[in-house]
Amino acid sequence: MFTLERVETAGQEVKKSRFRAVAGPVSSEDEARDFVARHAEAAANHNCWAWRVGQNCRFFDDGEPSGTAGKPILQVIDGQALDRVAVLVTRWFGGILLGSGGLVRAYGGTAGLCLRSATKLPLVATVKAKVGCGFGDLATVKARLSAVPGVAIVETHFVAAGADLVLSLPEAEAEAILRQVADLTSGRASTLLLP
């Protein structure tokens, strides 16, 4: 599975109707709703969208005949093995009716045009962990963790003797990374995988 690196746009004209797709990464249902609200064009005739976050997905036809806009957009998302992605396709009506098949091709095609040109990132399952270390080891631990791909320091809580770091780690490498921290500090750092 993949997600998008950043927000992408693409557009095309189909029988005098103008279609514009905006696609971007989202991490929750609320983010997907915000993404759609932020990019919808009030002056357009239709703002149709779809999004997928894990097993949760939604689509909306915004006045187009049922199943001719949102569902084809979702099918493009799924067809490109994307997750944590929202896509909005906006239509400015050009005066020529496209029919059901034409709408499906126009909405799905515009979404596909946008997603095919987007930079994709592999989705990696992550886990949270906590590392506690003294001030003497803190700079070294942070520098080493920052150099490991896929590792993010989510929170830093300073305590009397040092700091507690909350980390996001690639699930497949979490235990090895925590062992490296313990080795780096000669066992002075405490490590814990969080539920």
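Author: Helices (H or I, at least four residues) and strands (E, at least two) are DSSP runs, numbered from the N terminus. This is a predicted model, where local features need pLDDT of at least 70 and side-chain atom pairs count only at pLDDT 80 or more, while totals for chains, interfaces and linings use all residues. Residues are numbered from 1 along each chain as its sequence is written, and side-chain values use heavy atoms, leaving out hydrogens and water.

Reader: Why are α4 and α5 called roughly antiparallel?

Author: The axes of α4 (residues 135-146) and α5 (residues 174-184) cross at roughly 150 degrees, coming within 10 Å. Angles under 35 degrees count as roughly parallel, over 145 as roughly antiparallel, 65 to 115 as roughly perpendicular and the rest as oblique. So α4 and α5 are roughly antiparallel.

Reader: What makes Thr 140, Val 141, Arg 144 and Leu 145 in α4 meet residues of α5, and which ones?

Author: Contact means heavy atoms within 4.5 Å. By that rule, the partners in α5 are Ile 177, Val 181 and Leu 184.

Reader: How do you know that β9 and β10 pair?

Author: Two strands pair if DSSP finds at least two bridges between them. Seven bridges join β9 (residues 152-159) to β10 (residues 162-170), and the two run antiparallel. Ile 153, for one, stands opposite Leu 167 in β10. The two strands form a hairpin with two residues between them.

Terms used. Axes are lines fitted to C-alpha atoms, for helices over the stretch in contact, and angles run from 0 to 180 degrees between N-to-C directions.
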